[in-house]
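Walk through this model with the coordinates open.

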Amino acid sequence: MQKISTCLWFDGQAGEAAEFYTSTFANASMGQPTPGPDGTVIMVGFEIGGREFMALNGRPGLGFTEAISLVVNCENQDEVDRYWDALVDGGEEGRCGWLKDKFGVSWQIIPTAMPEFLNGPDEAGSRRAMEAMMTMGKLDLAVLKKAYDGD
């Protein structure tokens with residue numbers, strides 16, 4: 001068991017959310033749900049990529065905010081596209097690689113190459129890449145590279 005894990009507080013959707021997340025990500029699994037008196041799921045543990053989470057049906061009305069987000073580091077544009085498309089379905093696009101899924105959880109879908117563009121040795125290139133990123137919802141590696149290179 002991880003020393004520190006994440007508990008996500010849902011408004012009646014804990015089981016559905018855990019199923020969605022474990023079907024979206026490879027190397028994911030879901031534990032046995034804890035049923036409530038009415039037979040609905042009260043809480044369920046799940047794991048994604050070796051990270052433990054708990055989905056809990058808590059008091060209604062609290063919701064999620066962008067103050068906490070889950071970051072998905074993507075090796076290439078195909079991964080960015082796949083995770084973005086799956087997680088934003090029924091949710092809403094944000095800016096600069098951020099989105100909210102259909103449950104209101106905030107995610108950042110980030111290419112692992114981002115530090116090369118935003119913190120690279122070419123300061124003018126990094127500035128151009130940052131300006132390009134600020135116009136995007138889903139991040140586009142080819143556009144960011146082109147901006148960094150000055151093309």
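The paragraphs below go from the overall chain to helix packing and then to individual positions.

This is a predicted model, in which local features need pLDDT of at least 70, side-chain atom pairs count only at pLDDT 80 or more, and totals for chains, interfaces and linings use all residues. Residues are numbered from 1 along each chain as its sequence is written, and side-chain values use heavy atoms, with hydrogens and water left out.

The protein chain has 5 helices and 9 strands. Helices (H or I, at least four residues) and strands (E, at least two) are DSSP runs, numbered from the N terminus. Read from that end, the order is β-α-β-β-β-β-β-α-β-β-β-α-α-α. Along the principal axes, the C-alpha atoms fill a box of roughly 60 × 30 × 25 Å. Of the 151 residues, 38% are buried. Buried means under 20% relative accessible area, exposed means over 50%, and partly exposed lies in between (1.4 Å probe, protein chains only). Contact means heavy atoms within 4.5 Å. Among contacts between residues at least 6 apart in sequence, 55% join residues at least 24 apart.

Now take helix 1. How many of its residues are buried? The count is 8 of 11, and the helix is mostly covered. The buried residues are Ala14, Gly15, Ala17, Ala18, Phe20, Tyr21, Thr22 and Thr24. They pack against helix 2 and several strands: strand 1 (6-10), strand 2 (28-30), strand 4 (41-48), strand 5 (51-57) and strand 9 (106-111).

Two packed helices are described by the angle between their axes and the distance between the axes. Axes are lines fitted to C-alpha atoms, for helices over the stretch in contact, and angles run from 0 to 180 degrees between N-to-C directions. Helix 1 (residues 14-24) and helix 2 (residues 77-88) pack at about 165°, with axes 11 Å apart. The angle therefore makes helix 1 roughly antiparallel to helix 2. On this scale, angles under 35 degrees count as roughly parallel, over 145 as roughly antiparallel, 65 to 115 as roughly perpendicular and the rest as oblique. The crossing of the two helices is right-handed. A crossing is right-handed if the near helix is turned clockwise from the far one by less than a right angle, and left-handed if anticlockwise. Phe20, Tyr21 and Thr24 of helix 1 meet Tyr83, Ala86 and Leu87 of helix 2. By class, the residues of this contact are 5 nonpolar, 1 polar and no charged. Here Ala, Val, Leu, Ile, Met, Phe, Trp, Tyr, Cys and Pro count as nonpolar, Asp, Glu, Lys and Arg as charged, and the others, Gly among them, as polar.

Look next at Thr22, also in helix 1. Thr22 is buried, at 17% relative accessible area. A polar atom of its side chain lies 2.8 Å from the backbone oxygen of Ala18. Beyond residues up to four places away in sequence, Thr22 touches Ala28, Ser29, Met30, Phe46 and Glu47.

Asn27 is exposed, at 61% relative accessibility. Its phi is near 55°, a positive value in a residue other than glycine. Most residues other than glycine have a negative phi. Gly50 sits in the loop between strand 4 and strand 5 and is partly exposed, at 45%. Gly50 and Gln2 are 48 residues apart along the chain, yet their C-alpha atoms are separated by 9.3 Å.

Cys96 also has a positive phi, about 60°, and is not a glycine. Its loop joins strand 7 (92-93) and strand 8 (98-100). Is Cys96 buried or exposed? Cys96 is buried, with a relative accessible area of 14%.

In strand 9, find Gln108. Gln108 counts as buried at 16% relative accessibility. Apart from neighbours within four places, its contacts are Ser69, Leu70, Val71, Val72, Gly97 and Trp98.

Finish with another helix pair. Helix 4 (residues 123-133) and helix 5 (residues 141-149) pack at about 145°, with axes 7 Å apart. Their crossing is right-handed. Helix 4 contributes Gly125, Ser126, Arg128, Ala129, Ala132 and Met133, and helix 5 contributes Leu144, Ala147, Tyr148 and Asp149. This contact has 6 nonpolar, 2 polar and 2 charged residues.

Definitions and conventions. Polar contact = N/O pair within 3.5 Å; in protein donor to acceptor, adjacent residues only side chain to side chain.
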